[in-house]
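Student: I would like to learn how to read a protein structure. Could we go through one together?

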Amino acid sequence: GEPVVYLVAVTHVGEKAYYTELQKVLDKQDLVLFEGVRPGKADAAKDLATRKAESEKAQVLQRRLSKQLGVVFQLDAINYKHENFKNSDLSWDDMFAAAKQSGTEAQIGNLQSLLKGGTGPEAGAIGPMINQVLDMAEQNPAVAQMLRQVIVTAIADPASLQRMAASAGGGTSPAKPAAAMADQKVLIEARNKAVIEDFKKVSPQLKPGASVALFYGAGHMSDLEKRLKTEMGYKPGEIRWLTAITTAAPPAPSKN
C-alpha cells in the first residue's frame, strides 16, 4: 500500500540523450524529491539580482567542464519547473551545523566556495587544480579527451580514483582521513536523512499506487537504499541502467 519509490541516480554532467531519458522517467512520477543544497539565511537575504548573478557565476565551472567533455550540465538539461518537483535538501546553514559536530566546517566552506564559482585558495586545494586542468583542456584537445576518460572511469568505478591516488603516492590502501569520513556524514548521510524524513511526511498524503522519485547524485544511492529498507521496510524491485556518457576505448597495447 506504500508508494513505489524510484532511486533515480544521476551524474551531474552527461550526454544530452541521457538527460532526455531521465526527464521521461521523472515526468511520470507523482512526486520528485530532488537534490540541491538551498541557500542559507545570508544568501536568501540578498536581492534577486545579486542572487541571480552569483548563481550564474556558480555554474561557470560546471559549464566549462561540460564544454570540454562535449557533454551537458545537469541543471541546463533537466527541467525542474514542474509541479511534481520538490527540493528536498539541506540548506548551507544546515550543512555547516552538521559539519560543526564533525569538525569539518573548513571542508564544507571550501566546497561552498568551489560551488559558488571560486577557484582560488578559498576553494581548497581542488579549486586551483580544476582551474588549471580546464585551462589545459581548452588549449589541447588531447588533454580534453584524457579528462573525459577520467570522468567516465570515475562514474563507472568511483573507487578507481582512490586507487590511482594511492598508486601515485606509492601506497596500496591508504587509510581515509578522518575529515574525509566526516565529510561523507555531512555530504551524504545528513542530506539523505533529510530526504527520507521528507518522504515519510508526504507518503501518507499520496494517492494509492503513487510513485515517487528520489532524484539525487549516484553517490547517495547506497545509503538511501539502506534507509528505505531498514527504516520503512521497502524491498528492491527492478533495476534500469541508462548510459550517461561514453568515450572511445583506449588503444590496445602494441605486441611489438
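Student: What percentage of the 256 residues in the chain do buried residues make up?

Tutor: Buried means under 20% relative accessible area, exposed over 50%, and partly exposed in between, with a 1.4 Å probe and protein chains only. Here, buried residues make up 38% of the 256 residues. Before we go on: this is a predicted model, where local features need pLDDT of at least 70, side-chain atom pairs count only at pLDDT 80 or more, and totals for chains, interfaces and linings use all residues. Residues are numbered from 1 along each chain as its sequence is written, and side-chain values use heavy atoms, leaving out hydrogens and water.

Student: How many helices and strands does the chain have?

Tutor: Helices (H or I, at least four residues) and strands (E, at least two) are DSSP runs, numbered from the N terminus. This chain has 12 helices and six strands.

Student: Which strands pair with β3?

Tutor: Two strands pair if DSSP finds at least two bridges between them. Strand β3 (residues 31-34) pairs in the parallel sense with β6 (residues 211-217) over four bridges. It also pairs in the parallel sense with β5 (residues 85-87), over three bridges. Phe34 stands opposite Phe215 in β6, while Val32 has Phe85 in β5 as its bridge partner.

Student: Which residues touch the most other members of the largest nonpolar core?

Tutor: A nonpolar core is a set of buried Ala, Val, Leu, Ile, Met, Phe, Trp, Tyr and Cys residues joined through side-chain atoms within 4.5 Å. The largest one has 27 residues, and Val8, Leu22, Leu26, Val32, Ile78, Phe85 and Phe215 touch the most other members. Elements that each supply at least two residues of this core include β1 (4-10), α1 (16-27), β3 and β6. A second, separate core of 14 residues includes Leu31, Val202, Val212 and Tyr216.

Student: How many aromatic pairs are there?

Tutor: Rings of Phe, Tyr and Trp (its six-membered ring) pair if their centres lie within 6.5 Å; planes under 30 degrees apart count as stacked, over 60 as edge-to-face and the rest as tilted. The count comes to seven aromatic pairs. One of them, Tyr18 and Tyr19, is tilted, at 4.9 Å centre to centre with 55° between the planes. Tyr80 and Phe85 are edge-to-face, at 5.8 Å and 80°. Ring pairs also link Phe34, Tyr80, Phe85 and Phe215 into a cluster.
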